[in-house]
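Let's take a friendly walk through this protein, one pair of side chains at a time. Have a look at the structure first, and then read on.

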Amino acid sequence: MFALTSQIRRSSVSIPSNIAEGFGRDSSKEYLRFLNIAIGSLFELQTQIEIAKNIDYLNEDEFTTLYEDSREIERMLVSFINKIKERD
């Protein structure tokens, strides 16, 4: 359980960290690269919460709440990436 909890923490911290790091870069291309890394971390987090549900660390309600929240973040990130691509 400790290992999975640790992975969930790392991937969830990685999402905003990559967004912030990319924002500090000199170009939209670099920013997009970090936003895509953030999405990768988000997909990793989604997988980890599915695993947590499958091994009964999360009940169905907890899983649904977390997964739906992660999907909303995914939609926001994809929309943001598309806006940056349109701008360039």
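## A stacked pair of rings

Tyr67 is partly exposed, as its relative accessible area is 23%. Keep in mind as you read that this is a predicted model. The ring partner of Tyr67 is Phe63, and the two are stacked, with 5.4 Å from centre to centre and 20 degrees between the planes. Phe63 counts as buried, because its relative accessibility is 11% and the cut-off for buried is under 20%.

How many residues apart are Phe63 and Tyr67 in helix H3? They are 4 residues apart, which puts about one helical turn between them.

In the whole structure, a search finds 3 aromatic pairs. In one of them, the rings of Phe23 and Tyr31 have centres 5.9 Å apart and planes at 70 degrees, so this pair is edge-to-face. Are Phe23 and Tyr31 buried or exposed? Phe23 is exposed, with a relative accessible area of 64%, whereas Tyr31 counts as buried at 12% relative accessibility.

Phe23 and Tyr31 also belong to a cluster: ring pairs link them with Phe80.

## Helix H1 and its bend

Now turn to helix H1, which covers residues 2–23. Where does H1 bend? The bend is at Ile15, by about 25 degrees, and the proline Pro16 follows within four residues.

Several residues of H1 are buried, among them Leu4, Ser11, Ile15 and Gly22. The cover over the buried residues of H1 includes helix H2 (28–54) and helix H3 (60–87).

## Salt bridges

Charged side chains come next. Across the whole structure, a search finds 5 salt bridges. One of them joins Arg33 and Glu30, at 3.5 Å from N to O. These two residues are 3 residues apart in helix H2, which means that about one helical turn separates them. Arg33 is partly exposed, with a relative accessible area of 41%, and Glu30 is partly exposed as well, at 25%.

Arg71 forms a salt bridge with Glu74, where the closest N and O atoms are 2.8 Å apart. Arg71 and Glu74 are 3 residues apart in H3, so about one helical turn lies between them. Arg71 counts as partly exposed at 29% relative accessibility, while Glu74 counts as buried at 13%. Glu72 forms a salt bridge with Arg75, and here the closest N and O atoms are 3.1 Å apart. Glu72 and Arg75 lie in helix H3, 3 residues apart, or about one turn of the helix. Both count as partly exposed: Glu72 at 37% relative accessibility and Arg75 at 42%. Elsewhere, salt bridges that share partners join Glu21, Arg25, Glu30 and Arg33 into one network.

Key
Residues are numbered from 1 along each chain as its sequence is written. This is a predicted model: local features need pLDDT of at least 70, side-chain atom pairs count only at pLDDT 80 or more; totals for chains, interfaces and linings use all residues. Side-chain values use heavy atoms; hydrogens and water are left out. The expected span of a helix is 1.5 Å times one less than its number of residues. The bend at a residue is the angle between axes fitted to the seven residues ending there and the seven starting there. Buried means under 20% relative accessible area, exposed over 50%, partly exposed in between (1.4 Å probe, protein chains only). Contact means heavy atoms within 4.5 Å. A salt bridge is a side-chain nitrogen of Lys or Arg within 4 Å of a carboxyl oxygen of Asp or Glu. Rings of Phe, Tyr and Trp (its six-membered ring) pair if their centres lie within 6.5 Å; planes under 30 degrees apart count as stacked, over 60 as edge-to-face and the rest as tilted.
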